[in-house]
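Look at the structure first, then read on.

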Amino acid sequence: MKLSNEVKVGITVLLAVVVAIVGFRFMRDIPIFRQSMEISATFDRADGISSGSLVYIQGVRVGSVNRIALTPETRVNIRMRIDTDVPIPRGSIARLTSLGIVEGKSIVIELGTSDQFVEFGEEIEGIYAETMMEVLGQRGEELGDDVSNAIYELNMFLRQLNETLNDDARMTLNETLNNVSSTTGKVAEILEGKQQEIDTAIESGSRMLSQLDTLITDSRPQVEALMETIEKNIAELEGVRIELESAASNFNEILEKINRGEGTIGLLVNDPSMYENLDSLTIELNNLIKGINENPGRYLRHMSIIDIF
Amino acid sequence: MYALKELGKYTTLLYQALRSSTEFGTYRKNLFHELVKVGYDSVPIIILVGIFTGSVMTLQSAYQLEFAFIPLSTIGAIVSESILIELAAVISGLVLAGKVGARVATELGTMRVSEQIDALESMGFNSVSFLVVPRVLAGILMFPVLYIVASVFGIGGGLAAGYFSGSVPPADFLKGARMFFYPWNVVFGFLKSFVFGFIITTVACYKGYYAKGGAEGVGRATTEATVMGCIYILLADFILAALLL
Amino acid sequence: MIEIKNLTKSFNNNLVWEDVTFRIDDGDTIAVIGRSGCGKSVLLKHINALLYPDSGEVLIDGENIHALDYVSQRKLRQKFGILFQGSALFDSINTFENVAFPLRYFTKLSESEISDKVMQALTYVNLEGAAKKETSELSGGMRKRVGLARAIILEPKYIMYDEPTSGLDPKTADEINELITAMAERLNITSIVITHDMHSVLQVADKVAFLDEKKLSWFGTLQEMKNSEHPRLVDFITASEYQIKSNQYT
Ligand SMILES: Nc1ncnc2c1ncn2[C@@H]1O[C@H](COP(=O)(O)OP(=O)(O)O)[C@@H](O)[C@H]1O
Ligand SMILES: [Mg+2]
């Protein structure tokens, strides 16, 4: 059969248009034939999310981000297309988070337990899960101030303690201070241990970045800015560590003095809140250590690819 | 001075083409003929170009990023994004500058030096409408279509190369490709191919339509059409990127 | 009637000819002669407004063709059939389609009417057998005849021949000359024959225009030309006559 010119042109154009539409919808993760579910959630911010970012339920990809819009309250409303037969209960929570060290941000829906289900276009609660790095990036300075304030107060308090300590209290106090001492030691230890890990992680990170750099020179300024923030954060951490260390040596000095039985005791009896202060400080320090200990990986989280582009 | 004169002649020809584009009856038949020659007949070479571009991109990205601390899906993202935004339009543009540009310049050049264009005019034809308009229209209509073909086969080729070489599993490739799929890139690529189609066909028509000096003149027109077509494509690519990105 | 008034043309400051003035009356056959490169083809293209003069005008039945807008100009051009120097057949279509070409675009004839007319024109130039041939298969003389058939298909009022016999053997050249004469008589067409072939001039022309030294050097009837003592014209004629004679005896 000999095709006429009109037919040839028609075939070419029709095929191209069909392929283009199918391909486009596929790439945008819009189901090609089926009408899908659409829900939305509002977050404080949407760093790292773009139209096309993926949506997960229990680790299974179920859809993608459709549209991102700033609300009048300067929060961020994100519409997502969900393509699954599993209904989503009311009271489910959308968590904007990142899944691993090098993955981009995505949205994870934590299913609620209600027996009512969200309808097309309905909104569910959104939570922006800040990563460790973001916390450090934003609060690094604050945190440093807090720690040094605490240490200053601690010093003041200990000076008073020095003057007021009595024998009865000494035993209890000794115990408490021993706790403090070992805790502080751990802080230094852990930070030192992690320092190496952080260093290697950053090293491989920067190697990757330089390789990416040659590939995508456009993003160089962003990468550089990123490295700068990381370096700043590390420097701040270093500062914190040094301060903690000096605090520890102060402690030791004071403990020695206490052991030698220097100072008076009267005031301590009149001031039981000292014990409480001391205890709560210890708890706070413990929490900080636990935080760092539990999530060492998060130091690298915001180096994920999605930020680089 | 010479360049200004050329520019003036080129613009005049474009103006004549625009003015006579309303005479649809004159070029209807030629238009379909050209749509086939520019579009349908170019599909095989564009498929080939697409597949090779995509697979080479994948293999080389995989090689370059082998030891890097990044997920494999990044390769899919790099390949598909590069193809959609740049390679599908530019590489097929360069190939078609050879295929379509050379053919158009030779055809019109031969018609000019053998007085066929004069013959058309003397019969009362509008030779611009008859010869130039359908070729330019075919270019701007068919290049975007060929862009789609190149994109699809480019990404497909990249995917296949990743699979067969074992460097990037298809699932990772597609994940990356979809994660970094920005519709604007496609719009931009589409626009580019439209502009390239216009450039290649208008430059080739211009060179051919005003060819002179026998067979040698036709050869010169063909060479210039191809070379200038390529240069203007790269220039336009740069200007579009500077303006729109 | 075609009036050429004070026509001057130069390309990039190279003067082709200046102040050319003559008139072509209806029914006449005018031969424009001159050496190669003297601007005969350029003059032909001015009559059809394929080229524009630096000054002067060409009036076709009283209308200044260069002053018209493009649409009216194209209408006026349809009064002309032109046989170009290289025939200028469209090489993408076959013989039949070449002749049918103007009919398809400028008339609303049915396919069978077109076929009739084309075959009639081809018969006229003795080429009825070549209708289905590709133009690349045609000999030089056949190409000229197909070009001629195409030129007369819309029944023009004027027909212009650009060196219709150049590059042909004497026998074929004679056939073409006969066709030109027959065309002028049977269809009552006004003809302009551009040539440097005196043999052809003697066979077909009523009047002769001699382009020389960048101007219209001489203009008159065929009889006047034979008696002329214009030295360069005589020179031109005798040079050609020697050729004619030598052609006849070889
Ligand atoms: N389009 C053009 N541009 C520049 N020069 C031209 C053009 N057409 C013709 N000429 C020049 O004008 C002169 C006359 O050419 P032409 O009319 O073809 O000669 P002939 O009398 O042999 O037909 C020649 O010198 C030729 O080079
Ligand atoms: Mg000539």
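## Chain B against chain A

The model is predicted. The side of chain B that touches chain A draws at least two residues from each of α2 (24–38), α3 (43–64), α4 (73–113), α6 (127–165), α7 (170–179) and α8 (183–209) of chain B. By class, that side has 26 nonpolar, four polar and three charged residues.

How many residues does each chain bring to this contact? Chain B gives 33 residues and chain A gives 31 residues. Together the two chains bury about 3100 Å². Carbon and sulfur atoms give 75% of that area.

## Chain B against chain C

Here 22 residues of chain B touch 23 residues of chain C. The buried area is about 1800 Å², with 54% from carbon and sulfur atoms. On the chain B side, E115(B), S122(B) and M123(B) lose the most area to chain C. These three account for 32% of what that side buries.

Which charged side chains meet across this interface? R74(C) and E23(B) do, in a salt bridge of 3.2 Å, N to O. The interface of chain B and chain C has four salt bridges. The count of residue pairs in polar contact, both at pLDDT 80 or more, is 10. Two or more residues come from each of α1 (2–20), α2, α4, α5 (116–122) and α6 of chain B. The largest share, six residues, is from α5(B). The side of chain B that touches chain C divides into six nonpolar, nine polar and seven charged residues.

Over all chains, the salt bridges number 33. One of them joins the side chains of E34(B) and R135(B), at 3.4 Å, N to O. E34(B) sits in helix α2 of chain B and R135(B) in helix α6 of chain B, so the pair ties together parts 101 residues apart in sequence. Are these two partners buried or exposed? E34(B) is buried, at 2% relative accessibility. R135(B) is buried too, at 7%.

A salt bridge also forms between K37(B) and E107(B), with the closest N and O atoms 3.8 Å apart. This pair links distant parts of the chain: K37(B) is in helix α2 of chain B and E107(B) is in helix α4 of chain B, 70 residues apart. K37(B) is partly exposed, with a relative accessible area of 27%. Both pairs belong to a network of salt bridges that links E34(B), K37(B), R103(B), E107(B) and R135(B).

## A salt bridge between loops of chain C

D61(C) and K79(C) form a salt bridge, their closest N and O atoms 2.8 Å apart. D61(C) lies in the loop between β4 (55–60) and β5 (63–64) of chain C, and K79(C) in the loop between α2 (70–77) and β6 (80–83) of chain C, so the pair ties together parts 18 residues apart in sequence. D61(C) is partly exposed, at 30% relative accessibility. K79(C) is partly exposed as well, at 27%.

## Helix α1 of chain C and H46(C)

Eight of the eight residues of α1(C) are buried, so this helix is largely enclosed by the rest of the structure. The buried residues include K40(C), K45(C) and H46(C). Just after α1(C), A49(C) takes a positive phi of about 60°.

H46(C) belongs to this helix, which spans residues 40–47. The relative accessible area of H46(C) is 0%. A polar atom of its side chain lies 2.8 Å from the backbone oxygen of V42(C). What does H46(C) touch, leaving aside its neighbours within four places in sequence? Its contacts are L7(C), K9(C), W17(C), L51(C), Y52(C), P53(C), V58(C), I65(C) and H66(C).

## Cysteines

The count of disulfides over all chains is zero. Among the cysteines, C205(B) is buried, at 1% relative accessibility. C230(B) is partly exposed, with a relative accessible area of 21%.

Conventions. Residues numbered from 1 in each chain as written. Chains lettered and ligands numbered in written order. Heavy atoms only, no water. Disulfide = S-S within 2.5 Å. Buried < 20%, exposed > 50% of the residue type's maximum accessible area, 1.4 Å probe, protein only. Contact = heavy atoms within 4.5 Å. Buried area = accessible area lost by both parts, 1.4 Å probe. Helix = DSSP H or I, 4+ residues; strand = E, 2+ residues; numbered from the N terminus. Nonpolar A, V, L, I, M, F, W, Y, C, P; charged D, E, K, R; others polar. Polar contact = N/O pair within 3.5 Å; in protein donor to acceptor, adjacent residues only side chain to side chain.
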